[in-house]
Amino acid sequence: MIGAFRRSSGLSGLLHFRRSSQLKGSKAFEATAIVRKQSQPIRPYFRLPDSFRKTKEVGVFPSLQHSSVWSVISFAKVEFLEWYLAMVKCRPVLTKSITSALIYTAADLSSQTIALPSSEPYDLVRTLRMAGYGLLILGPSLHYWFNFMSRLFPKKDIFSTLKKMALGQSLYGPSMTVIFFSMNAFLQGENGSEIIGRLKRDLLPTMLNGVMYWPVCDFITFRFVPVHLQPLVSNSFSYAWTVYMTYMASLEKAAS
């Protein structure tokens with residue numbers, strides 16, 4: 001009896017399997033399967049973590065946004081530096097002259113911000129004079145001076161560096177200071193005697209302050225910086241010095 005029951009159950013299972021396989025092959029089953037498949041919601045292939053999905057719904061990615069912004073800024077800095085170095089090589093005099101003009105412009109505006117009361121407007125004519133000095137005189141002269149020093153003393157040892165510093169403090173620095181004060185006074189309408197009076201009053205104090213400021217800057221520039229970048233580094237050091245120089249140049253006329 002048990003054997004008969006097993007045979008009947010096996011036979012019924014076989015018949016049920018054949019009926020289901022025939023039903024799967026029919027068009028009605030295919031249509032039903034398609035309807036069921038369409039009625040079921042489409043699930044994403046990749047499921048994000050709940051914490052990330054919640055953050056995405058809110059729309060706040062503080063750490064991601066912060067890192068992305070700094071990545072863009074760093075990339076822009078690198079691109080600008082590469083572009084600037086390429087311009088220094090292909091158009092050295094023009095690039096260094098424009099750099100000097102920009103630094104003198106920023107330094108003069110800083111000097112006016114410090115010295116002038118908040119109620120007085122900026123003297124843009126004065127700023128234009130400083131920018132013209134950096135563009136037409138200081139920038140080209142720095143280029144040729146550093147190249148001349150590198151040919152005269154090609155080594156970068158201590159003794160060569162000290163020689164370059166000594167020549168800079170005794171020849172180049174005083175000459176450029178005299179030119180700066182004279183040109184600025186001339187553009188302000190001062191005559192020859194007034195220009196000489198200004199030099200007598202302002203040149204020596206300026207030179208003494210320069211001796212306290214420039215030797216360290218010149219040592220770093222001559223000792224560690226390549227020749228084609230020395231004007232840029234010198235201009236960077238000259239920002240604070242130019243704030244002082246533009247202040248001295250804006251003083252009243254010397255008493256005759």
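Predicted model: local features only at pLDDT ≥ 70, side-chain atom pairs only at ≥ 80, totals over all residues.
Local features require pLDDT of at least 70 and side-chain atom pairs 80 or more, while totals for chains, interfaces and linings use all residues. Numbering starts from 1 along each chain as its sequence is written, and side-chain values use heavy atoms, without hydrogens or water.

Start with the whole protein in cartoon view. The protein has nine helices and zero strands (DSSP runs numbered from the N terminus: H or I of at least four residues for helices, E of at least two for strands). Of the 256 residues, 29% are buried (under 20% relative accessible area, with a 1.4 Å probe and protein chains only; exposed is over 50%, partly exposed in between).

Next, select residues 124-152, which are helix 6. Its 29 residues span 40 Å from first to last C-alpha, close to the 42 Å expected (1.5 Å times one less than the number of residues). Centre the view on glycine 134, where helix 6 kinks by about 40 degrees (the angle between axes fitted to the seven residues ending there and the seven starting there).

Now show the side chains of tyrosine 133 and phenylalanine 180. Tyrosine 133 lies in helix 6 and phenylalanine 180 in helix 7, 47 residues apart. Their ring centres are 4.9 Å apart and the planes stand at 70 degrees, so the pair is edge-to-face (centres within 6.5 Å; planes under 30 degrees apart are stacked, over 60 edge-to-face, the rest tilted). Tyrosine 133 is buried at 2% relative accessibility, and phenylalanine 180 is buried at 0%.

Key
Phe/Tyr/Trp six-rings, centres within 6.5 Å; stacked < 30°, edge-to-face > 60°.
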